[in-house]
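Student: Hi, could we walk through a few side chains in this one together?
Tutor: Happy to, let's get it on screen.
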Amino acid sequence: MAAVTGPERDLLVLGGGVTGLGLARLAARSGWSVTVVERDDLATGASSSTSHMLHGGLRYLEQGRFRLVREALAERMAVSRLAPALARPVRFLVPLRKGDRVGPFRLRAGLALYDLLAGRSGLSPHVLAGAKQALAIEPALEPDGLRAAGIYSDVVMDDARIAIALARDAAAHGAEILPHTELVAARPEPSTGRQAVELRARGGVLRQDGSGGVRSLKPLLVVNATGAWSDRTRASLLGMLQPGRNDPPRLLRPSRGTHLVYPALTEGHGLVMLAGDGRVTFVIPFAGRSLVGTTEVETDSPPADGQRRPTPDEIRYLAREVSRMLPAAARAHPIAVYAGVRPLLAADERVGEASREHRIVDDGPLLTIAGGKYTTFRVMARDVFVAAARKLKRATPPAEDGEVALPTPLADAVADEDLAAHALSHEWAGSLEDIVRRRSTRWLADDRGLAAARRMAPVLAKRFGWDGAREREEIDRFEASVRDELLMLDRALAAH
């Protein structure tokens, strides 16, 4: 399908995370003209900082959120079919110890309900293993006090690369994808029923077509899918589109989730530990490493820059929790740490018990999608698309985004230079970090992708016309970000 031309659009989607890209894909596949605008790189926010799981959420069963779990389990299978190269089923163990708040009977009942809610979307059914069997499956488990272990299935996925694949599919059906671009002005055009929107490329980054500078678009409807920044985006846009209006009440109560990355700690299984304080700690096998998470720390809406970073207390907490489950972790050192801010809906519950439901708010020329979770991005996209169709008085389209698999990324084994060239030509990359962190698993290499980045830098320099000094600056920036992260880990764990 030909790419959109001219300034007029049906939809302008603000936010290049998984929800905005899922909406763009659905709209483009339905023949709508759509542009996605993202201030930073695609999937820069929470969409590249998850626990890397497509799951229903065992802990949501304890909260009685059965509809959400059923919906998420159905989506777990649907997204797995869409991205078979980026998602795989994994068996998870839930060790039970003497004194745990959850006993064998309650755990078995919960896992049985989890399987039941999955229905036809279910994976291998759960079993309850004795202590000896659990240790045979995962010898690294702490044996002291181990009573049994529940074993069930969920899906491990590559969050950022699924989002990038959504963008590629949307573009293949005519959507325009504009990362490193910001909306700087907007005004209503009552005579046309459209909004006049001005966009500007950020940081001198060239777009896919080599253009830059300022552009103007005229969408019929703007969709705010900016995740944890939705409150600020909504207030700013409405201030421009509806001058004189008071700032709307906040929709969100975001929370930060931090993860540590270790060398492989298990025999390939995932682990779930039910802590006494009600929290859940995961160990997720991903790309030959073990991801350990997560935390629940409330942030402002929108989060300040400093609130996006993990704290020493979170790092120490996760290191302590995983060492209780796997003693060998106490002798290992994390190789990476990352954090993402969840766009949770405002509620009275403790932040760790907040709903993962989503909400659509209609402000006339603007629709805002708030809340939700990665696994249910297709549901959120469909709900927004149906709401948009009704607003634009169009026949409500089929709420389906197709069963054809998403474009497959290059295999991890390809040469670094080829990976960089592909990311620049087909995946909207604009920096070394874009490629290493969100379009590959190079960030999990022993050297955190430093050698790969040095080999990729000349490819970027040729593409963007950089001189030697600018190429060196890009390498230095990437190396500094890795160095700062490792220093943060060392300092946090020095007193652990």
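Tutor: Before we start, contact here means heavy atoms within 4.5 Å. Also, keep in mind that this is a predicted model.
Student: Got it. Which residues is R161 in contact with, leaving aside its neighbours within four places in sequence?
Tutor: Those are L86, P409, L410, D412, R438, R439, S440 and T441. R161 itself lies in helix α6, residues 159–172.
Student: And what does the side chain of R161 make a polar contact with?
Tutor: The side chain of D412, at 3.4 Å.
Student: Is R161 buried or exposed?
Tutor: Buried, because its relative accessibility is 10% and the cut-off for buried is under 20%.
Student: New topic. How many aromatic pairs does a search of the whole structure find?
Tutor: Six. One of them joins W32 and F385 edge-to-face, with 4.6 Å centre to centre and 70° between the planes.
Student: Where do W32 and F385 sit in the chain?
Tutor: W32 is in the loop between α1 (18–29) and β2 (34–37), while F385 is in helix α9 (residues 377–391). They are 353 residues apart, so this pair links distant parts of the chain. W32 is buried at 8% relative accessible area, and F385 counts as buried at 0%.
Student: What about F464 and W466?
Tutor: Their pair is tilted, 5.5 Å centre to centre with 45° between the planes. Both F464 and W466 are buried.
Student: Back to W32: which charged end sits over its ring?
Tutor: That of R394, 4.8 Å from the ring centre. Likewise, the charged end of R437 sits over the ring of Y338, 5.4 Å from its centre.

How values were computed: Residues are numbered from 1 along each chain as its sequence is written. This is a predicted model: local features need pLDDT of at least 70, side-chain atom pairs count only at pLDDT 80 or more; totals for chains, interfaces and linings use all residues. Side-chain values use heavy atoms; hydrogens and water are left out. Helices (H or I, at least four residues) and strands (E, at least two) are DSSP runs, numbered from the N terminus. Buried means under 20% relative accessible area, exposed over 50%, partly exposed in between (1.4 Å probe, protein chains only). A polar contact is a pair of N or O atoms within 3.5 Å; within protein, one must be able to donate a hydrogen and the other to accept it, and residues adjacent in sequence count only if both atoms are side-chain atoms. Rings of Phe, Tyr and Trp (its six-membered ring) pair if their centres lie within 6.5 Å; planes under 30 degrees apart count as stacked, over 60 as edge-to-face and the rest as tilted. A charge sits over a ring if NZ of Lys or CZ of Arg is within 6 Å of the ring centre and within 35 degrees of the ring normal.
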